[in-house]
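Please look over the sequence and the structure shown here before reading on. The report that follows goes through them topic by topic.

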Amino acid sequence: MSEPSVRESVNAYLERVARSRSPSTTRVYRMVMRRFVASLQEHGVDPDSMTASLASEGWLVDFFGDLRNLAPSTERVYRACVAGWYRYLASEGLAIVNIERLRLLVRPYLQELVQPAPQFPSYFDISRIVDYAMGLADAQISNELAYLRALRDRALIVILADTGMEVVTVCSLRRRDIDWKNSRFVLGGKGDDGVFVSFSPRVADALRDYLNARSSLDDAMDCSQSSLPLIAGHRKRVKVVPFQRGGVRNVIAKRAREALGAEYDGTITPKSFRHYFITSVLQPFALLHPKIVNKCQVLFENGLYDQTIFIAMKLVEEEIRSITSSDPEDIGVNLITKAMKTGSSLIRFSSVQAEQESAYFLFRGAIGAFKNPLSHRFLGTSDPVKTLECLALASLLMRMLDEAT
């Protein structure tokens, strides 16, 4: 069998990406690799005749030089995707890749080599989109349906940015789920037992403008207005239909292009707003253990969730090893057993045997469930909330160690 060409290896790499990642992420990878192949051609490399075995890390120098006019967050996306191709060549035995040189060439974006995934846009990028969306209410749009959609998109974007709710939750909201008096959405339950999500004054303003603009449509529907979707699809002027997740993704992509430019195609998704809400609105790192903050905050803010969880639990493990003066070979659950198991424990949380044993199982479970799997493979964690909860658990374990005897 003949050796694959550079273009063939790129196509094979993209097929692997398509099998393991979301459609939106796959689109980003395809766009970036098309630009990389075009860069090779511009610099005298024929991707169809050049075999993948001759791939050179030096090609990155020319390609990265072409990225200097991009926003830093977009440049990180490009570096991550192309670095992933080199890692693919090495893992498949298609080329000999100097990983150390590769690391040096992609600095200061070394983290992407560990988990090559598009990075989340910066706080500034999302803020610009939100500011743009807020201005849609004042846009000069003569078409009535287009203006209604603009008000809908404005309300949708500020809801995502200011509440951190997932798209599926936003799409399931009905008009009856708004508690205007207390500025919150009612997601389930009744009275004090309900599940609530508070919203900001600008969300309230955007929703009022949007709902007022579509009031005639709601009045014409043959059902109770309270049961109508809060955020609706407006394919036709005479209908109010539920908005689907695909529609939300399309709105975000469209408004991101308008606000930031075509180079942001595919890099900003509804999940970007969930990430923005946690990092910029909640600001949870002020509450976490300083050692967790020091090592994990930047990773989390860059959207490297697998690596964030792994490093947080590794910090707990290192703290235990330091306290007990254990050997470097003592790792994982074996280290926990040596340090905490009742009868031979080097770290004591309580003089009560049952409580000491419970703490032992807590640490053992945390390391076994969250660190060990990531020591062997990428899990593709995509939820910032789950990642933050893992950081909170690691922070709690660190504080327990601070207080132990």
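Helices and strands are named here from DSSP runs, numbered from the N terminus, with helices being H or I runs of at least four residues and strands being E runs of at least two. This is a predicted model, in which local features need pLDDT of at least 70 and side-chain atom pairs count only at pLDDT 80 or more, while totals for chains, interfaces and linings use all residues. Residues are numbered from 1 along each chain as its sequence is written, and side-chain values use heavy atoms, with hydrogens and water left out.

Strands of a sheet pair through backbone hydrogen bonds, either parallel or antiparallel. Here 3 strands form an open sheet in the order β1-β2-β3, with antiparallel pairing, where two strands count as paired if DSSP finds at least two bridges between them. Because β1 (178–179) and β3 (195–198) each have a single partner strand, they stand at the edges, and one side of each is left without a neighbour in the sheet.

## Nonpolar cores

A nonpolar core is a set of buried Ala, Val, Leu, Ile, Met, Phe, Trp, Tyr and Cys residues joined through side-chain atoms within 4.5 Å; buried means under 20% relative accessible area, exposed over 50%, and partly exposed in between (1.4 Å probe, protein chains only). The largest nonpolar core has 47 residues, of which Ile129, Phe185, Leu207, Ile231, Ile268 and Phe273 touch the most other members. Among the helices that each supply at least two residues of this core are α7 (123–134), α8 (144–163) and α13 (270–282), and α8 gives the largest share, 10 residues.

Leaving aside neighbours within four places in sequence, Phe273 is in contact (heavy atoms within 4.5 Å) with residues that include Ile126, Ile129, Val130, Ile157 and Ile268. Apart from this core lies another, of 34 residues, among them Tyr305, Ile311, Val316 and Leu388.

## Aromatic rings and charges

Rings of Phe, Tyr and Trp (its six-membered ring) pair if their centres lie within 6.5 Å, and planes under 30 degrees apart count as stacked, over 60 as edge-to-face and the rest as tilted. The count by this rule is 12 aromatic pairs. In one of them, Phe300 and Tyr305 have ring centres 5.6 Å apart and planes at 50 degrees, so the pair is tilted. Phe300 is buried at a relative accessible area of 0%, and Tyr305 is buried at 1%. One aromatic cluster is formed by Phe36, Phe63, Tyr78, Trp85 and Tyr86.

A charge sits over a ring if NZ of Lys or CZ of Arg is within 6 Å of the ring centre and within 35 degrees of the ring normal. Arg152 lies over the face of Phe243, 4.3 Å from the ring centre, and the charged end of Arg184 sits over the ring of Phe196, 3.7 Å from its centre.
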